Amino acid sequence: MTKKIKTEEMNIPGHVAIIMDGNGRWAKKRLLPRTAGHAQGARVAEQICDDAWDLGIKYLTIYAFSTENWKRSEEEVGMLMNLLRKYMLSSLEKCAKNNVRVRVIGDKTRLAEDLRKSISELEESTKENTGLNFTIAINYGGRDEIVRAVKKLAKDVKNNSLDIDGIDEDVFNSYLDTAEMPYPDLMIRTSGELRSSNFLPWQIAYSEFYFTDVLWPDFDKKELIKAIEYYNQRDRRFGGVK
Ligand code: IPE
Ligand code: IPE
Ligand code: MG
């Protein structure tokens, strides 16, 4: 009860970005294959969407597959892609019911055609939804995103639709995959690793970071509330003086 009142009084971050890490270690602890950790991790990700919205979070962005994750075994990569396939297909109805808008960021060109097709179907069918803005980073790498943005921008300069002197932070930002989204207020990483692993480097420049030892498959609403409590203790100065 006390907790509930506290959550209601909390300053809720508008955009929370999560590096969901520790699926493999969770499985290893249970003598299960890494893929079992990913399956549980996927269930947790779906639940966290509901929990985030309950708490008043408007934007939730999760790191599902990095540009570096292709280095993993074919079996593991295949299983992760299948989980994403399953999510895209099974979410059509659920997102319609819950008013969730889904976006996928990352370089989609390297994804299988059927997956790309179900991603665009889900993005298209949820684009008018006004509830949670749920973004999944797939084959996402921040450096790759910046290079892709620079290429698009350079093309626009070359064809005279963009003036070099007109390039500022807002213009550059508009070339990123996250163009329409606000910057994350809070970045959470599970599993005890203290690094950002190429997740949203431009966008998290002024985000607050919350690191927890909890492994992603064990993460739940209680843990999310802890992260928000931590966020509430931060004094965000953005370079100014308070
Ligand atoms: C995060 O869990 C999921 C992905 C990176 C896709 P990991 O698979 O990285 O789990 P650990 O870090 O090996 O425990
Ligand atoms: C980051 O986790 C990528 C995702 C959560 C999708 P990793 O497990 O791949 O990152 P590193 O290798 O520990 O930096
Ligand atoms: Mg990991």
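Student: Is Glu76 buried or exposed?
Tutor: This is a predicted model, and the values here are computed from it. Glu76 has a relative accessible area of 8%. The cut-off for buried is under 20%, so Glu76 counts as buried.

Student: In which helix does Glu76 lie, and which side chain does Glu76 join in a polar contact of 2.8 Å?
Tutor: Glu76 is part of helix α4. The polar contact of 2.8 Å runs from side chain to side chain. The partner of Glu76 is Arg34.

Student: Which residues come nearest to ligand 1?
Tutor: There are 13 residues around ligand 1. Arg34, the partner of Glu76 in that polar contact, is among those that come nearest.

Student: How far is an oxygen atom of ligand 1 from an N or O atom in the side chain of Arg25?
Tutor: A polar contact needs a pair of N or O atoms within 3.5 Å. Gly22 contributes a backbone N or O atom at 3.4 Å from an oxygen atom of ligand 1. Arg72 places a polar side-chain atom 2.7 Å from an oxygen atom of the ligand. For the side chain of Arg25 the distance is 2.7 Å.

Student: How much of the accessible area of ligand 1 does the protein cover?
Tutor: On its own, ligand 1 has 380 Å² of accessible area. The space that ligand 1 takes is the largest pocket.

Student: Which element gives the most to the shell around ligand 1?
Tutor: The elements that give two or more residues to this shell are α2 (23-29), α3 (34-55) and α4 (74-98). By class, the shell has three nonpolar, five polar and five charged residues. The element that gives the most, with three residues, is α2.

Student: Which strand supplies the largest share of the shell around ligand 2?
Tutor: The residues that surround ligand 2 include Tyr63, Ala64, Phe65 and Ser66. The shell has five nonpolar, three polar and four charged residues. Its largest share is four residues, and they come from strand β2 (residues 59-66).

Student: How far is an oxygen atom of ligand 2 from an N or O atom in the side chain of Ser197?
Tutor: Asp21 has a polar side-chain atom 3.2 Å from an oxygen atom of ligand 2. For Asn69, a polar side-chain atom lies 2.9 Å from an oxygen atom of the ligand. For the side chain of Ser197 the distance is 2.6 Å.

Student: What percentage of the area of ligand 2 does the protein buries-value give?
Tutor: Taken alone, ligand 2 exposes 390 Å². The space taken by ligand 2 is the largest pocket. The part of the exposed area that the protein buries is 77%.

Student: What is phi of Ser197 near?
Tutor: Most residues other than glycine have a negative phi. Ser197 is a residue other than glycine, yet its phi is positive. Ser197 is found in the loop between β5 (186-189) and β6 (208-211), and it is partly exposed, with a relative accessible area of 30%. Its phi is near 45 degrees.

Student: Where does Asn99 lie?
Tutor: Asn99 is not a glycine but has a positive phi of about 65 degrees. Its relative accessible area is 27%, so Asn99 is partly exposed. Asn99 lies in the loop between α4 and β3 (101-105).

Student: What distance separates the C-alpha atoms of Glu223 and Thr190?
Tutor: Glu223 lies in helix α8 (residues 221-233). Glu223 is buried, with a relative accessible area of 11%. Glu223 and Thr190 are 33 residues apart along the chain. Their C-alpha atoms are separated by 10.0 Å.

Student: What distance separates the C-alpha atoms of Lys226 and Thr212?
Tutor: Lys226 is found in helix α8. Its relative accessibility is 37%, so Lys226 counts as partly exposed. Lys226 and Thr212 are 14 residues apart along the chain. The separation of their C-alpha atoms is 9.6 Å.

Definitions and conventions
Residues numbered from 1 in each chain as written. Chains lettered and ligands numbered in written order. Predicted model: local features only at pLDDT ≥ 70, side-chain atom pairs only at ≥ 80, totals over all residues. Heavy atoms only, no water. Near = heavy atom within 4 Å. Polar contact = N/O pair within 3.5 Å; in protein donor to acceptor, adjacent residues only side chain to side chain. Areas by Shrake-Rupley, 256 points an atom, 1.4 Å probe, with all protein chains shown as cover. 1 Å grid on protein atoms, 1.4 Å probe; cavity = no way out; pocket = protein on both sides within 12 Å on 5 of 7 lines; lining within 4 Å. Sits in = over half its atoms within 2 Å of the grid points. Nonpolar A, V, L, I, M, F, W, Y, C, P; charged D, E, K, R; others polar. Buried < 20%, exposed > 50% of the residue type's maximum accessible area, 1.4 Å probe, protein only.
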